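Q: I would like to go through this structure step by step. Could we begin with how the model was made and then move on to its parts?

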Amino acid sequence: MGNQLDLWDENRPTTSILSPPPLPSLVRYYDQFAQKDRVIRDISSCVWAVHHSGSIVNLDFRKAGTISDPVVMRVVLEYIQSDQIATGLKYYSSFNNIDFGDFVHFKRLCEDLSPSEFMGRWSLEILDKFPQRHIQSLRQILHWMAKWSIAHWRPSDRDLIRRLPGFSSSKYKSVSDGFAFISLADRSKIVRYINKYTALMTNDTEIFDPNFLRDLCLLAIAFQFGLRPLQMAMLTLNDVRIFDKNTVHISVTLIKQRHEKTGRIVRRKIQASWCPIFLKYQSVRNYTSDKFLGLNPQACSRKLSALTRSITGVAYSPNHFRHTSAQRLVDHGASREVVSDFLGHTDTTAANVYFEASPTQNDLVNAALGNSAVYQAVSSAQRGDMISAANLLRLAPDQQVVGMPHGIPISGIGACHAGQSTCTRNPVLACYTCHKFLPVNDAAIHRGVRESLEAVVKSFDQPQRVDRVSPAMMQLRTTLESVSAIIEAAEVGGSDEQPVF
């Protein structure tokens, strides 16, 4: 043991460089929002005008301090010329806020110590000195120093750098905690808001402001597809194809695709009942931009937050809509492949977090039996008025809801504004969650419906049935939770005024 070789001295060359590769004369990168190539021509000026998300960001490296360090400049440039503009801007901002004296000490350790010696000093002199938001940026410095073989670092040391201790963080912590999702009550408010104005679109005498219609389209796209702000802002007039009053398709560019420059194009179909919004907006749209919404990504986020705050009292971001859409698919029994394709991911690993956040099988059954605490808290005010049994009988037969879900005859539960003959959905099961449904104010009738459907739900929980998160199961769950909410509202007392159809 006393003759053990010093592996570091044995395998490392004694000569090294202390600076990164020189800056090129110009840099080309791809602007995803404008969908065109851009060029930074005068790199040596150290003031770079970078096009990002419809704006021009000036990166100024002439300022004294950390940001003027040649390694920092080269790291930021590497991300820009590899078309990772947002990442490059993130690191620029981070390095611009690191204390210069602390950074000089960090660089001295990197250049003077061997990788093994540096690891011993990392926890004592780096983690205690820098805040969490800067640790990742410093790791990037180490990774690039290893790639460029600066000082004692070599490409083989990158695995060692990944193992450096640091602040523990979970990328999807908000998903596991449930904070990334829009509450069911607020989802209902958003849907009712869209449906309310969709119903007015067929009235030719109704005049709508183009900006209002644009925001409505933005809300519908975000709710249905959970797109990123850049994806929504990138939609051009040619990306939105209107075939008829019930058929609208949008072509979405998938971004953040590994090993792809622009991402592939996928087509999504707008919900048929919301198509009139897009038809009306297209007819009155008065923007000169070729972008369908005429907004940049930042404006899309701001508009969505402001609109959801006015509807629900809570400002929801595009990320809330994205996570909620993915979780909705998982809760309805979608596979990892389906969820990954919906999100535009190139692998299925990122979808795992939604399955982990999904309720357990027993929770699903309990929720389907109407025992969900979330749905029990739904107030009667969210359901609107009710109708008395006497007034229900005065309506036309087509407006009185009847049906046989799972072979169980059910009638007298309420009225339909549109009439059952025009509905393409399953009566009774769909009615309780439909904004056009006016329930009867008799709790006993709805309790009978719940008891009948509970027997059906229990059949999903038999040992031989392993698929307890099928679409049919989830539809029953949602219906029974809505039935329970209506029972509670009817027991408190609902309006029995004659409805106007």
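This is a predicted model: local features need pLDDT of at least 70, side-chain atom pairs count only at pLDDT 80 or more; totals for chains, interfaces and linings use all residues.

Q: How many residues does the largest nonpolar core have?
A: The largest nonpolar core has 48 residues, and those with the most contacts inside it are Trp 48, Phe 106, Phe 118 and Trp 153. A nonpolar core is a set of buried Ala, Val, Leu, Ile, Met, Phe, Trp, Tyr and Cys residues joined through side-chain atoms within 4.5 Å. Buried means under 20% relative accessible area, exposed over 50%, and partly exposed in between, with a 1.4 Å probe and protein chains only.

Q: Which element gives the most to this core?
A: Helix 2 does, with eight residues. Elements that give two or more residues include strand 1 (27-31), strand 3 (47-52), helix 2 (70-81) and helix 3 (85-96). Helices (H or I, at least four residues) and strands (E, at least two) are DSSP runs, numbered from the N terminus.

Q: What does Phe 118 touch?
A: Not counting residues up to four places away in sequence, Phe 118 touches Phe 106, Leu 109, Cys 110, Leu 113, Leu 142, Trp 153 and Leu 164. Contact means heavy atoms within 4.5 Å.

Q: What does the second core include?
A: The second, separate core has 47 residues, including Tyr 197, Ile 221, Phe 225 and Cys 275.

Q: Turning to the rings, how many aromatic pairs does the structure hold?
A: It holds 18 aromatic pairs. Rings of Phe, Tyr and Trp (its six-membered ring) pair if their centres lie within 6.5 Å; planes under 30 degrees apart count as stacked, over 60 as edge-to-face and the rest as tilted. Trp 144 and Trp 148 form a tilted pair, 5.1 Å centre to centre with 35° between the planes, and both residues are buried.

Q: Why is the pair of Tyr 281 and Phe 292 edge-to-face?
A: The ring centres of Tyr 281 and Phe 292 are 5.0 Å apart and the planes stand at 85°, so the pair is edge-to-face. This pair links distant parts of the chain, with Tyr 281 in helix 12 (residues 275-284) and Phe 292 in the loop between helix 12 and helix 13 (297-312), eleven residues apart. Tyr 281 and Phe 292 are buried.

Q: Is Ser 114 buried or exposed?
A: Ser 114 is buried, with a relative accessible area of 4%. This residue lies in the loop between helix 4 and helix 5. The C-alpha atoms of Ser 114 and Trp 153 are separated by 7.4 Å, although the two are 39 residues apart along the chain.

Q: Why is helix 14 described as largely enclosed?
A: Eleven of the 14 residues of helix 14 are buried, so this helix is largely enclosed by the rest of the structure. Among them are Pro 318, Phe 321, Arg 322 and Val 330.

Q: What follows helix 14?
A: Gly 333 follows helix 14, and its phi is positive, near 95°.

Definitions and conventions. Residues are numbered from 1 along each chain as its sequence is written. Side-chain values use heavy atoms; hydrogens and water are left out.
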